[in-house]
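Take a look at the structure below.

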Protein chains: 2
Amino acid sequence: MELSSLTDDFDRRDWQDVTETDDPVRFAMVGVGWWTREQAMPAVVASDLSETTVLVSGDREKAESVASESETVEHALTYDEFHDGVASDAYDAVYVVTPNARHLEYVETAAELGKAVLCEKPMEATVERAERMVEVCDEHDATLMIAYRMQTEPAVRRAKELISAGYVGDPVFVHGNMTEPILELVPNPDQWRLDWDLSGGCAAMDIGIYSLNTARFLLDDDPLRVRGSVASVQPEFDDVPDEHAAFQLDFPGNTFALCTASQNAHMASHIRVTGTEGQLRIEPAFYPWDDRKLHLSHGDADVQIEFEQRDQMQEEFEYFAHCLLTDAEPHADGEHGLTDIRAIKAVYEAAESGETVELD
Amino acid sequence: MELSSLTDDFDRRDWQDVTETDDPVRFAMVGVGWWTREQAMPAVVASDLSETTVLVSGDREKAESVASESETVEHALTYDEFHDGVASDAYDAVYVVTPNARHLEYVETAAELGKAVLCEKPMEATVERAERMVEVCDEHDATLMIAYRMQTEPAVRRAKELISAGYVGDPVFVHGNMTEPILELVPNPDQWRLDWDLSGGCAAMDIGIYSLNTARFLLDDDPLRVRGSVASVQPEFDDVPDEHAAFQLDFPGNTFALCTASQNAHMASHIRVTGTEGQLRIEPAFYPWDDRKLHLSHGDADVQIEFEQRDQMQEEFEYFAHCLLTDAEPHADGEHGLTDIRAIKAVYEAAESGETVELD
């Protein structure tokens, strides 16, 4: 890779052929919480290939209120109306951003209605429900993408290209971390992330998945086995085992990823790959509002690349819409997401037993 | 801690009362390899509290050649002469820097001769031999310090003070890494580090110990249990299990340290502590020739502290000599070193069995 390609066109969309359309992908947003309102909807407004036409919420008034502030939303539906297929001609695809254990039901309906699905990660709260999600999308031939926004993050894509080109040699170690004080960010001890039945897990499930999935994406491989520890200390985390989670993934080729995640720690994130010939690090890495930076070392030289940020959600929606408009299969499909759910559930099993858990 | 104390006097020796002496600690250096010649002896020359008076080597000519270039060395001895007590009036303390499995014999002789001992880390190649080293020093009431130069590294000491003062809140995660291409640094496949009988281990034993011991020092605590993986890939590493090593240490208080070490990777080192309130990182951390930097985050603020380097070996020799001159017990005593040997041996056991190994 030429250094010039890291500076002249750092944030290029290497996946993009189509840059405009008269027929944008029309989204129904299922779940109208702060993430949808403040991250997803503005990203779609800014995008060239998609628009939001339908909002679906348990609270019709909230949906209508948000809809009234949008120039493109035509319908504000309840969950029941969505399941009944109301206004299904008004959207082509569904973005599912409900609590984890309530993803499947909306994906099922969307697939039955013949819609494409962009489902937030983790894809579901249990392996069985995630498997069912893959099945139902297969049955209805519905496109399913799991919303790993790091996979369209320019710094991560450039890092992946560098690794593929041999910049770090053979990858040996990955260190990844994502930590946040969830009870300061969302000051409600009854939130679904702290409810095992709704979330299927806390630190590992909600944010440990960033290090796990980004490691998989960068290494272009899947883990063979996992071991680790989890701990819940504060009473607000009594219902989940993992206020904190630390786990190690063994990848093929003797590459080891060491990941940490906490819902009760200083907000920080990074991912680092050390290889036989060099090292790269994205820090900050995972929060959309941080200025991501790419740090490179090779031989005796160090390079630090700062770049004008792209909106991660805009990149993700454009990529998904581009896949739909060009009949391409998204990289992060249902099977890809299922691998993460199996690995994270294995973290809990390994922490419980103290043993290494083999992944199939 | 005041910010001014991080800038005005970053490299202060908080352990020092005595700054000069008419009666410096006189060292016999046991082992006259490149580390002794290029790192230890110049550090002692620059120090105020110690001097080198005796060199001990298997190769008398080499010892005499090195001695001839020193203004203070009075005697060049063979190992046999050392064991026979030749010139034992000419030194007060012994610095042992032979291959790991040959530390014990020189420490035994030094203790019997009534000398204090500074022994390189890891202290020995097996738990049994490390235990015997502690015993023999106890029997002869000999002061024994294990040469963890990070414990007198200014960046590490300031980091420890910050952690103690609550800067990061409760520590939750430690990430540590030390990697190097040993066959480029020492281009000899027959070197003792790759010989299990002489080293007792490779990546984990030789350099994984930096992350392990620095984590213990920063957290002021010892690990409860360990798990991990090791791998040897290249034929030069056939005699040892760990060309690469990745391991996780669970500390009391639900603090988790994730450590990586490789003898066949890009040269790099760092240690990072993430807590409930902040984060600190020393990077580069462990190589004496690197410009160490201390990176701090707390709330929304980031601070990066660069400082004029202190010579790590000079700090270490001054600290040890200072302990001897003031009748103080060194922090890193034999029991302290033994804890690392037990933990590293448990890494090999855990990697072999796939299970978590409890430490006593």
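Two strands count as paired if DSSP finds at least two bridges between them.

## The model

This is a predicted model. It scores ipTM 0.96 and pTM 0.97. Chain A averages a pLDDT of 96, and 99% of its residues score at least 70.

## The nine-stranded sheet

Nine strands of chain B form an open sheet. Their order is β14-β13-β12-β11-β7-β10-β9-β8-β15, and the pairing is mixed. Which strands stand at the edges? They are β14 (301–306) and β15 (357–358) of chain B. Each has a single partner strand, so one side of each is left without a neighbour in the sheet.

Now follow some neighbours. β12(B) and β13(B) run antiparallel, joined by five bridges. Here B:Arg281 has B:His295 in β13(B) as its bridge partner. B:Gly278 stands opposite B:His298, also in β13(B). β13(B) and β14(B) run antiparallel too, with six bridges between them. These two strands form a hairpin, with two residues between them. In the turn, B:Gly299 has a positive phi of about 55°. Helix α12 (residues 334–353) of chain B lies across β8, β9 and β15 of chain B. It runs at about 65° to β8(B).

## The six-stranded sheet

Chain B also has an open sheet of six strands. The order is β3-β2-β1-β4-β5-β6, and the pairing is parallel. At its edges stand β3 (75–78) and β6 (144–146) of chain B. Each has a single partner strand, so one side of each is left without a neighbour in the sheet. From one strand to the next, the twist averages 25°.

Zoom in on one pairing. Strand β4 (residues 93–96) of chain B runs parallel to strand β5 (residues 116–119) of chain B, and four bridges join them. B:Ala93 has B:Ala116 in β5(B) as its bridge partner. Helices lie across this sheet as well. Helix α3 (residues 60–68) of chain B lies across β2 (50–57) and β3 of chain B, at about 165° to β3(B). Helix α11 (residues 312–325) of chain B lies across β1 (25–30), β2, β4, β5 and β6 of chain B. Its angle to β1(B) is about 125°.

## Where the chains meet

On the side of chain B, B:Phe173, B:His175 and B:His266 lose the most area to chain A. Together they make up 19% of what that side buries.

Polar links cross the interface too. There are 18 residue pairs in polar contact between chain B and chain A.

## Charged pairs

Side chains of opposite charge can pair when their charged atoms come close. Over all chains, the search finds 52 salt bridges. Two salt bridges cross the interface of chain B and chain A. A:Arg272 forms a salt bridge with B:Glu283, and their closest N and O atoms are 2.6 Å apart.

Another salt bridge joins A:Glu108 and A:Arg132, with the closest N and O atoms 3.4 Å apart. A:Glu108 lies in helix α5 (residues 103–112) of chain A and A:Arg132 in helix α6 (residues 127–139) of chain A, so the pair ties together parts that are 24 residues apart in sequence.

Most residues other than glycine have a negative phi, and most peptide bonds are trans. Is the peptide bond from B:Lys121 to B:Pro122 cis or trans? It is cis, with omega near -15°. B:Pro122 lies in the loop between β5 and α6 (127–139) of chain B. In chain A, a cis peptide bond joins A:Lys121 and A:Pro122, with omega about -20°. A:Pro122 is found in the loop between β5 (116–120) and α6 of chain A.

A:Asp141 is not a glycine, yet it has a positive phi of about 55°. It is found in the loop between α6 and β6 (144–147) of chain A.

Note on methods: Residues are numbered from 1 along each chain as its sequence is written. Chains are lettered from A and ligands numbered from 1 in the order in which they are written. This is a predicted model: local features need pLDDT of at least 70, side-chain atom pairs count only at pLDDT 80 or more; totals for chains, interfaces and linings use all residues. Side-chain values use heavy atoms; hydrogens and water are left out. Axes are lines fitted to C-alpha atoms, for helices over the stretch in contact, and angles run from 0 to 180 degrees between N-to-C directions. Contact means heavy atoms within 4.5 Å. pLDDT is the predictor's confidence in each residue, from 0 to 100. Buried area is the accessible area (1.4 Å probe) that two parts lose on being put together, summed over both. A salt bridge is a side-chain nitrogen of Lys or Arg within 4 Å of a carboxyl oxygen of Asp or Glu. A polar contact is a pair of N or O atoms within 3.5 Å; within protein, one must be able to donate a hydrogen and the other to accept it, and residues adjacent in sequence count only if both atoms are side-chain atoms.
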